[in-house]
Amino acid sequence: MNQQNRREFIRDLGIGAAALPFILNLPSLGFANQQGRKQRLVILFSPNGVVPNTFWPEKAGSLTELKESLKPLEPFRDRTLVLQGISDRVRGDGDNHMRGIGCLLTGIELFPGNVQGGSHTPAGWAKGLSIDQEIKNYLQSRPQTRTRFGSLEFGVMVPDRADTWTRMVYAGPNKPLAPIDDPYQMFAKLYGRMKNQELMKSVLDDLQEDLRKVSAKVSSEDRRLLEEHASFVRAMEQELRPARQEAAGHAVPALDPGLKKANDQMPEISKAQIDLMVQSFAADFARVATLQYTNSVGGARMHWLGVNEGHHELSHAEDKDKAAQEKLTKINQWFCGQLAYLAQKLAQTPEPGGSGSLLDNTLLMWTNELGKGNSHTLDNIPFVLVGGGLDFRMGRAIAYKNVPHNRLLLSVAAAMGHPMQSFGNPNFCGAGVLADLT
């Protein structure tokens, strides 16, 4: 089939457009974007820097041991690449938290603006699009890599307010994109059903006959994929419904300013968002995704870890404050655990119509707006890569010397099949891609 035949298939079989999400990934239908390998990119963000001595490997070379903050990745050590010495060299308006997140994926300065930071000048939005959107636009421009959404922007406990600290994805200059941090809203986006949240009707209720028609026309392997997808949707509906009903039964408690209502539900929200992301890849809804935990200066209180202080508050503690450093390590280990859970889910999911697992064809890149919280440095920004999607040589730690992060962004784009001469501020792209990644 060709790209045009998706619509013809639906029309000729007499099924509704609501069934489209369930058939996009069926290899035997031969849609245009089912040909060739599917490469995917996921960028995860967590805030406030890391604790260097519990994060960075002792030496460059083979990744023989992971420090405490990265221990959850132990099952994937041979598929992990730790990049040290990559720096955000972008300067200009805004404080380091603002430039840390606003320039992280754009590689370019912020516009002047009226959002006042800490000790620096005020600033506005970034002057360019982010690398995930650059890659998304490239993939969407080609029939063989075009998907339903192109990219999906997930969030976990991102503040409702829109300012430079809360946005890392940009569709263009002055065009920040807000992540969806409510799993129900993401579910509705993916499956096109907006119902009363407390009385949610299953999206499957009206699709049984359409799915039966599709099943009769596809291979036995595709029938299995259809059944697995429908089972996931049914299970997710069951998981979301009780939480909504329970939430509607009592008054919403007062919360700290800037925090989402679900601070203590952060682990549950994270799991739901990751599960939805993995299924979106299995269904080929998108090949680019971001997952943003809280925001730059994020102040989540991780009570489930025994940490009652806000994350940002703790990140300002001095290095000699051992109790604070231990709590910060716990926090970063938890974020790493979410990365490991995503890697595990991808590794357990076979690539529909291809070889290996989803993880074999996906690169996960975990990063941060700062290198270290109490110094607010933009040097040595953490970049931890997991998976096989871009064919980098994994199982290593690489130590660079203050390399501009623009070059890493160029490297990721090139490995996704979209080589560019520069991205963001061209002054930081001179040496091009990082040749030692492959």
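**Sheet**

I began with strand β1 (residues 40-45) and strand β8 (residues 362-367), which pair in the parallel sense over six bridges. Within this pair, L44 stands opposite W366 in β8. For me, two strands pair if DSSP finds at least two bridges between them. Helices (H or I, at least four residues) and strands (E, at least two) are DSSP runs, numbered from the N terminus.

The model is predicted: local features need pLDDT of at least 70, side-chain atom pairs count only at pLDDT 80 or more, and totals for chains, interfaces and linings use all residues. Residues are numbered from 1 along each chain as its sequence is written, and side-chain values use heavy atoms, with hydrogens and water left out.

Next I traced the whole sheet. Eight strands form an open sheet with mixed pairing, in the order β2-β10-β3-β9-β8-β1-β7-β4. β2 (61-62) and β4 (150-156) stand at the edges with a single partner strand each, so one side of each lacks a neighbour in the sheet.

I then checked strand β10 (residues 396-404). β10 pairs with β2 in the antiparallel sense over two bridges. There, G61 has A397 as its bridge partner. Strand β3 (residues 80-87) runs parallel to β10, joined by six bridges. In that pairing, I86 stands opposite V403.

**Helix α6**

Which residues of α6 are buried? In this helix (residues 208-215), I found D210, L211 and V214 buried. They cover an arc of only 95° around the axis, which puts them on the same side of α6. The arc is that of the directions from the helix axis to the C-beta atoms. Buried means under 20% relative accessible area, exposed over 50%, partly exposed in between (1.4 Å probe, protein chains only).

**K136**

I looked up K136 in helix α4 (residues 131-140). K136 is buried but has no salt bridge. A salt bridge needs a side-chain nitrogen of Lys or Arg within 4 Å of a carboxyl oxygen of Asp or Glu. The nearest side chain of opposite charge is E153, 5.6 Å away. Lys and Arg count as positive, Asp and Glu as negative; His and the chain ends are not counted. Beyond four places in sequence, K136 is in contact (heavy atoms within 4.5 Å) with F149, G150, S151 and V288.

**Cysteines**

How many disulfides are there? My search of the whole structure found zero. The cut-off is a pair of cysteine sulfur atoms within 2.5 Å. The sulfur of C429 is 13 Å from the closest cysteine sulfur, in C103, too far for a bond. C429 is buried at 2% relative accessibility. C336 is buried too, at 0%.
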